[in-house]
Amino acid sequence: ATDARAHVPWPLAIINPVIMKLWTDFHVFSHPWEVMVEAAYRKYPNPHSPHMKSLDTLERRVTPRRLYSNRLVTSMWSVIPSIVLQILGTNPTVRVHEQSMCDLERKTLTLCSTNITLSNLFTLHETLEYSVNPEDPNTTVLKQTAKISVFGIPLLGDILERLLFSNYGSTVSQARVGVEVIADKIREETVA
C-alpha cells in the first residue's frame, strides 16, 4: 500500500497528516458521444460557469487513433470563500492544468485536471470520462471523480477540506448544465 503522505516533506507529514476525500458520480447526457466530446473541448465560456476566465491550449498531439491535449485553465475561486483566501494570503485567481486524451477507437474522452495554485496546501485532482452509453448509444455517460487532499495547514486543514468538498458538488452541477448548453448549441449548428 502506498502512503498518501509520500509527497509531503517528512516533518510536515508528522505534524499534519494528509486529509483526503474522494467523490464519484455518474451522469447521462442526452447527446451522442461525438457531440459531448466537442462540447467538452468547447466548454468555456458558458453562462453557467462565469468564474472561468480563460482556457489556453498549451500542446496538442495527434496519433492515428488518439488526440492528446494539455491546457491551462484560469478562473476565479468558486469553491473557497474569500475570507479563507485572505487567511491563506492568496488572490482570487486560480490556475489548473488539464490533460486530456480522446480515444476514437474506444470512444472515450478522459480529462484529468489538477490545481496549480496553492498546490503546496491542497490538491484537487478531477477526472472526467465521457463514453458511449452501452444501454443507449445515442447518449453519453460521464463518470466524474475527484480526490481532494489537504496538507501543510496544521490548524485549518480540516476546515479547508470540508469547504472544498462541500462547494465542489454545487460547482459540478453548474458545470454540467454549462456543458449541456454547449452541446445543445452544437446540435443546433449541425441542423442549421
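D25 is partly exposed, with a relative accessible area of 28% (buried means under 20%, exposed over 50%, partly exposed in between, with a 1.4 Å probe and protein chains only). The side chain of D25 meets that of R176 in a salt bridge, 2.9 Å from N to O (a side-chain nitrogen of Lys or Arg within 4 Å of a carboxyl oxygen of Asp or Glu). This is a predicted model, in which local features need pLDDT of at least 70 and side-chain atom pairs count only at pLDDT 80 or more, while totals for chains, interfaces and linings use all residues. Residues are numbered from 1 along each chain as its sequence is written, and side-chain values use heavy atoms, with hydrogens and water left out.

**Salt bridges**

- The structure holds seven salt bridges.
- Helices (H or I, at least four residues) and strands (E, at least two) are DSSP runs, numbered from the N terminus.
- R176 counts as buried, at 12% relative accessibility.
- E34 and K107 form a salt bridge through their side chains, at 2.7 Å from N to O. Because E34 lies in helix 2 (residues 33-41) and K107 in the loop between strand 4 (93-103) and strand 5 (108-115), the pair ties together parts that are 73 residues apart in sequence.
- E34 is partly exposed, with a relative accessible area of 42%, and K107 is also partly exposed, at 31%.
- In the salt bridge of R66 with D103, the closest N and O atoms are 3.1 Å apart. R66 lies in strand 3 (residues 66-76) and D103 in strand 4, so this pair ties together parts that are 37 residues apart in sequence.
- D103 is buried, with a relative accessible area of 2%, whereas R66 is partly exposed, at 31%.

**Rings and charges**

- R61 has its charged end over the ring of Y68, 4.3 Å from the ring centre (the criterion is NZ of Lys or CZ of Arg within 6 Å of the ring centre and within 35 degrees of the ring normal).
- R60 lies over the face of Y41, at 5.8 Å from the ring centre.
- The structure holds one aromatic pair. Rings of Phe, Tyr and Trp (its six-membered ring) pair if their centres lie within 6.5 Å; planes under 30 degrees apart count as stacked, over 60 as edge-to-face and the rest as tilted.
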